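Me: I've got a model open and want a quick tour. Can we go through it piece by piece?

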Amino acid sequence: MSTRKFWNEEIETISRKDLENYQYHMLLEHLTLAYEKSQYYRESFDKAGVKPSNFRKLSDISKFPFVNKHIERERQQSKPLLGDMTAVAEEEVVFVSASSGSTGVPTLSPFTKKDFEEFQDVQSRLFWAAGMRPNDRYVHALNFTLFVGGPDVIGAQNLGALCIWAGAIPSDRLLFILKEFQPTVIWTTPSYAWYLGETARKQGIDPAKDLSINKIIVAGEPGGSIEATRQAIEELWEAKVYDFYGISDIFGACAGMCSERNGLHLAEDHILVEVINPDTLEPVAEGERGELVFTTLRKTARPMIRFRTGDIGTVNKEKCACGRTHVRINITGRLDDMLIVSGVNVFPSDIEYVVRNMEELSGEYRITAISENFTTKFKLEVERALGNHEPKDVLAEKVSAKIKTRIGVKPKEVIILDNGELPRATHKAKRLIDERNGGSYA
Ligand SMILES: [Zn+2]
């Protein structure tokens, strides 16, 4: 069993033509379900003057209205508990996750028994593509409380790995598990992988020699797809880093890296992806950067038709060297974190790329967006690497020039700090501070 290359070869290597044909038929059924069973979708399709019968080819999806987090939250509150976007009776729902939600109102993600089983099968597929096998010991270090990533551990278990349900626990406790159980695979955020490795070292544990981790799955931040960030974590642990991408409104992980680690394969038999210009809402040219829009094809508890993810990225349709045909996505960052500086779109991940590639720096950084004469500028704080004694003004100039080369604009100011001065993130790093008036993005 462990010699097989794919979790589900038929689905993962299907030709694009057959895949698109499959997507069309699934989606026609899914739109019909949404229209017939969900009060929200019936009203919204009627208002837009579209019916499932107008869906004659895959690109006709563009005739249907978008949904977003705001609508999702509003519809949920209009008819508690689950809202009127759902297409099944509550008695068919067996699991809900809840997103933390910055506004304080968590949005729920409901699953029927079949949705949940399919969700776990996708997790098994992504774990398998990242190289997890039944002889692996997997430590699941994600939060179990309400978080959609909690149950992903079942996908690893169904694959046959020995699973350790650690959850979100203090790093001392997690390090104890890593020492005692000697797991081979762990899942965490990129910042935490770095933090945990550094903490281990401080305690006299060498993550590369004293522990058995050889694969680190990361998600939740763009770092896992930034090569220099990945390399730094890989050197610390002597392990390979695989980036996963999830969205709680749909599944835990929806896409993940294969052995090629050149983009994340999206489970296209469950999700149709579009890439749009977030201003005009029109599709961007193939391969161009834009906002990812997801449509579920099979999740019946709550269909998501044209859900604007708020994530900016690219989609690559070329067949991967691994043999998989499902598109590969690359996420640049959240639309909310995008700064427009002198007409240029700047993402924290662009800055991270530069900072992590400079040996003179520790790799930590913090961006502060400020407003000056009604335009956005940003300050950048970075740290010197240990042992670097270059004059701060010389180093600041170097950083500034590299950023200008990479993204086309310079920071207003680069502040060089000593190693260890910036706060170390434990789980999700807060690397962008918005000091513009009212935090607006003008
Ligand atoms: Zn691949």
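Me: Which exposed residues sit on the face of α4 turned away from its buried side?
Reply: H70, Q77 and S78. Keep in mind that this is a predicted model.

Me: And which residues of α4 are buried?
Reply: E72, R75 and Q76 are the buried ones in α4, which covers residues 69–78. Viewed down the axis of α4, they fall within an arc of 105°, so they line one face of the helix.

Me: What do the buried residues of α4 pack against?
Reply: α3 (39–48) and β2.

Me: Switching to α5. What end-to-end span should that helix have?
Reply: α5 has 17 residues, 113–129. At 1.5 Å a residue, α5 should span 24 Å. The end C-alpha atoms of α5 are 25 Å apart, which agrees.

Me: Which residues are buried there, in α5?
Reply: D115, F119, Q120, V122, Q123, S124, R125, L126, F127, W128 and A129.

Me: What do those buried residues of α5 pack against?
Reply: Two helices come up, α1 (9–12) and α6 (152–159). The strands are β2 (108–112), β7 (240–247), β8 (251–257) and β9 (264–266).

Me: What follows α5?
Reply: G131, with a positive phi near 100°.

Me: OK, cores. Which residues touch the most other members in the largest nonpolar core?
Reply: I216, F244 and C254, out of 85 residues in that core. α5 gives the most to this core, with six residues.

Me: What is I216 in contact with, leaving aside neighbours within four places in sequence?
Reply: I186, T188, A193, I233, W237, A239 and V241.

Me: What other core lies apart from the largest one?
Reply: One of 19 residues. Its members include L339, I351, I367 and V399.

Me: Now domains. Where does the domain assignment put the bounds?
Reply: Domain 1 is 1–334 and domain 2 is 338–439. Their centres, taken over C-alpha atoms, are separated by 29 Å.

Me: How many residues does each domain put into the contact?
Reply: Domain 1 gives 15 residues and domain 2 gives 15 residues.

Me: Which elements supply at least two residues each on the domain 1 side?
Reply: α8 (190–202), α9 (227–237) and β13 (328–334).

Me: What's the make-up of that side by class?
Reply: The side of domain 1 that touches domain 2 has seven nonpolar, seven polar and one charged residues.

Technical notes
Residues numbered from 1 in each chain as written. Predicted model: local features only at pLDDT ≥ 70, side-chain atom pairs only at ≥ 80, totals over all residues. Helix = DSSP H or I, 4+ residues; strand = E, 2+ residues; numbered from the N terminus. Expected span 1.5 Å × (residues − 1). Buried ≥ 20, exposed ≤ 12 C-beta atoms within 10 Å, placed from the backbone. Contact = placed C-beta atoms within 7 Å. Domains from an automatic or database assignment. Nonpolar A, V, L, I, M, F, W, Y, C, P; charged D, E, K, R; others polar. Arc of directions from axis to C-beta. Core = buried A, V, L, I, M, F, W, Y, C linked by C-beta atoms within 7 Å.
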